[in-house]
Amino acid sequence: MFTAKQAVSSFSVNDTAAAKDFYGQTLGLSVQDGDMGTLDLTIPGGATVMIYPKENHEPASFTVLNFVVDDVEAAVDELNQAGVKTDIYDSPDLPTDAKGIMRGNGPDIAWFKDPAGNVLSVLKA
(Lines give C-alpha, C1' and ligand atoms only; values in the text may rest on other atoms or scores of the structure.)
Protein backbone atom coordinates (compact mmCIF):
# COMPACT_ATOMS: atom_id res chain seq x y z
CA MET A 1 0.00 0.00 0.00
CA PHE A 2 1.14 3.52 -0.79
CA THR A 3 2.10 5.45 2.34
CA ALA A 4 2.80 9.17 2.25
CA LYS A 5 4.01 11.44 5.01
CA GLN A 6 2.36 14.52 3.52
CA ALA A 7 0.86 15.85 0.28
CA VAL A 8 1.62 19.28 -1.08
CA SER A 9 -0.19 20.96 -3.93
CA SER A 10 1.83 23.07 -6.35
CA PHE A 11 1.65 25.35 -9.34
CA SER A 12 4.16 27.21 -11.49
CA VAL A 13 4.97 30.87 -12.04
CA ASN A 14 7.35 32.65 -14.39
CA ASP A 15 8.69 35.07 -11.77
CA THR A 16 9.10 33.89 -8.17
CA ALA A 17 10.03 37.37 -6.91
CA ALA A 18 6.75 38.79 -8.24
CA ALA A 19 4.87 35.80 -6.81
CA LYS A 20 6.52 36.25 -3.41
CA ASP A 21 5.53 39.92 -3.37
CA PHE A 22 1.96 39.23 -4.52
CA TYR A 23 1.21 36.37 -2.14
CA GLY A 24 3.17 37.85 0.77
CA GLN A 25 2.58 41.58 0.50
CA THR A 26 -0.61 41.97 -1.53
CA LEU A 27 -2.51 39.00 -0.09
CA GLY A 28 -0.75 39.00 3.30
CA LEU A 29 0.02 35.29 3.35
CA SER A 30 3.12 33.64 4.78
CA VAL A 31 5.65 32.95 2.01
CA GLN A 32 9.03 31.35 2.65
CA ASP A 33 11.88 30.55 0.29
CA GLY A 34 11.92 26.82 -0.40
CA ASP A 35 14.38 24.40 -1.93
CA MET A 36 15.60 24.77 -5.52
CA GLY A 37 14.17 28.26 -6.03
CA THR A 38 10.66 27.36 -4.94
CA LEU A 39 8.37 29.25 -2.59
CA ASP A 40 6.41 27.68 0.25
CA LEU A 41 3.06 29.41 0.63
CA THR A 42 1.20 28.77 3.87
CA ILE A 43 -2.50 29.15 3.26
CA PRO A 44 -5.27 29.67 5.81
CA GLY A 45 -5.82 26.43 7.65
CA GLY A 46 -2.08 25.70 7.76
CA ALA A 47 -1.56 23.76 4.54
CA THR A 48 1.46 24.51 2.38
CA VAL A 49 1.39 25.07 -1.37
CA MET A 50 4.63 24.92 -3.32
CA ILE A 51 5.11 27.57 -5.99
CA TYR A 52 7.84 26.66 -8.43
CA PRO A 53 9.60 28.58 -11.18
CA LYS A 54 9.05 27.44 -14.73
CA GLU A 55 10.78 29.21 -17.57
CA ASN A 56 8.11 28.33 -20.13
CA HIS A 57 5.24 28.81 -17.66
CA GLU A 58 1.74 28.92 -19.06
CA PRO A 59 -1.06 29.87 -16.67
CA ALA A 60 -3.36 27.02 -15.75
CA SER A 61 -6.71 26.96 -17.56
CA PHE A 62 -8.47 26.37 -14.24
CA THR A 63 -8.57 27.89 -10.77
CA VAL A 64 -5.41 26.81 -8.93
CA LEU A 65 -6.31 28.12 -5.47
CA ASN A 66 -9.64 28.98 -3.82
CA PHE A 67 -9.83 31.12 -0.70
CA VAL A 68 -12.96 30.44 1.34
CA VAL A 69 -14.35 33.61 2.94
CA ASP A 70 -17.44 34.58 4.92
CA ASP A 71 -18.21 37.61 2.75
CA VAL A 72 -17.18 37.56 -0.92
CA GLU A 73 -18.12 41.19 -1.49
CA ALA A 74 -15.96 42.36 1.44
CA ALA A 75 -13.07 40.18 0.21
CA VAL A 76 -13.43 41.63 -3.30
CA ASP A 77 -13.43 45.16 -1.89
CA GLU A 78 -10.20 44.38 0.02
CA LEU A 79 -8.60 42.86 -3.08
CA ASN A 80 -9.63 45.80 -5.26
CA GLN A 81 -8.24 48.27 -2.69
CA ALA A 82 -4.95 46.34 -2.87
CA GLY A 83 -4.91 46.79 -6.65
CA VAL A 84 -6.12 43.29 -7.53
CA LYS A 85 -8.56 43.15 -10.45
CA THR A 86 -11.52 40.84 -9.82
CA ASP A 87 -13.65 41.48 -12.89
CA ILE A 88 -11.59 39.18 -15.13
CA TYR A 89 -14.44 37.30 -16.83
CA ASP A 90 -17.04 38.66 -19.23
CA SER A 91 -18.85 35.59 -20.45
CA PRO A 92 -22.41 34.28 -20.52
CA ASP A 93 -21.04 31.06 -19.00
CA LEU A 94 -19.73 33.03 -16.00
CA PRO A 95 -22.21 35.87 -15.44
CA THR A 96 -20.56 38.27 -13.03
CA ASP A 97 -21.50 41.69 -11.73
CA ALA A 98 -19.42 44.87 -12.05
CA LYS A 99 -17.13 43.70 -9.21
CA GLY A 100 -16.59 40.33 -10.86
CA ILE A 101 -18.77 38.37 -8.41
CA MET A 102 -20.88 35.51 -9.71
CA ARG A 103 -23.96 35.13 -7.55
CA GLY A 104 -26.80 32.61 -7.46
CA ASN A 105 -25.08 29.89 -9.46
CA GLY A 106 -23.59 27.92 -6.59
CA PRO A 107 -21.67 29.76 -3.90
CA ASP A 108 -20.86 33.43 -4.50
CA ILE A 109 -17.43 33.51 -6.11
CA ALA A 110 -15.03 36.02 -7.66
CA TRP A 111 -11.89 35.21 -9.62
CA PHE A 112 -8.63 37.09 -9.92
CA LYS A 113 -5.13 36.40 -11.23
CA ASP A 114 -1.67 36.34 -9.76
CA PRO A 115 1.20 38.08 -11.63
CA ALA A 116 1.88 34.87 -13.59
CA GLY A 117 -1.72 34.73 -14.83
CA ASN A 118 -2.81 31.84 -12.61
CA VAL A 119 -6.48 32.07 -11.68
CA LEU A 120 -7.41 32.27 -7.99
CA SER A 121 -10.77 32.83 -6.35
CA VAL A 122 -12.55 33.92 -3.22
CA LEU A 123 -15.73 32.00 -2.56
CA LYS A 124 -18.45 32.01 0.08
CA ALA A 125 -18.04 29.54 2.94
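Which helix and which strand each supply at least two residues of the lining of the largest pocket? The answer comes under the second heading.

## The model and its record

This is a predicted model. UniProt, in an unreviewed entry, lists residues 3-125 as "domain: VOC". In that span, 17% is helix and 32% is strand.

## The largest pocket

Strand 5 (63-69) and helix 2 (72-81) are the two elements in question. Each gives at least two residues to the lining of the largest pocket. Helix 2 supplies the largest share, with 3 residues.

The space in the largest pocket is about 240 Å³. Its lining includes Thr 26, Leu 27 and Leu 29. Phe 67, Val 69, Ala 75, Glu 78 and Leu 79 are also among the lining residues. By type, the lining has 9 nonpolar residues, 1 polar and 1 charged.

Four strands form an open sheet in the order 1-4-3-2. The pairing is mixed. Strand 1 (9-13) and strand 2 (30-33) stand at the edges. Each has a single partner strand, so one side of each is left without a neighbour in the sheet. From one strand to the next, the twist averages 25°.

Strand 2 and strand 3 (residues 39-42) run in the antiparallel sense and pair over 4 bridges. Gln 32 has Asp 40 in strand 3 as its bridge partner.

Note on methods
Residues numbered from 1 in each chain as written. Predicted model: local features only at pLDDT ≥ 70, side-chain atom pairs only at ≥ 80, totals over all residues. Heavy atoms only, no water. Pairing = 2+ DSSP bridges. Axes fitted to C-alpha atoms, helices over the stretch in contact; angles between N-to-C directions. UniProt positions renumbered as here; feature names shortened; annotations may be inferred. 1 Å grid on protein atoms, 1.4 Å probe; cavity = no way out; pocket = protein on both sides within 12 Å on 5 of 7 lines; lining within 4 Å. Points joined across faces, edges and corners; volume = space filled by probe spheres on them. Nonpolar A, V, L, I, M, F, W, Y, C, P; charged D, E, K, R; others polar.
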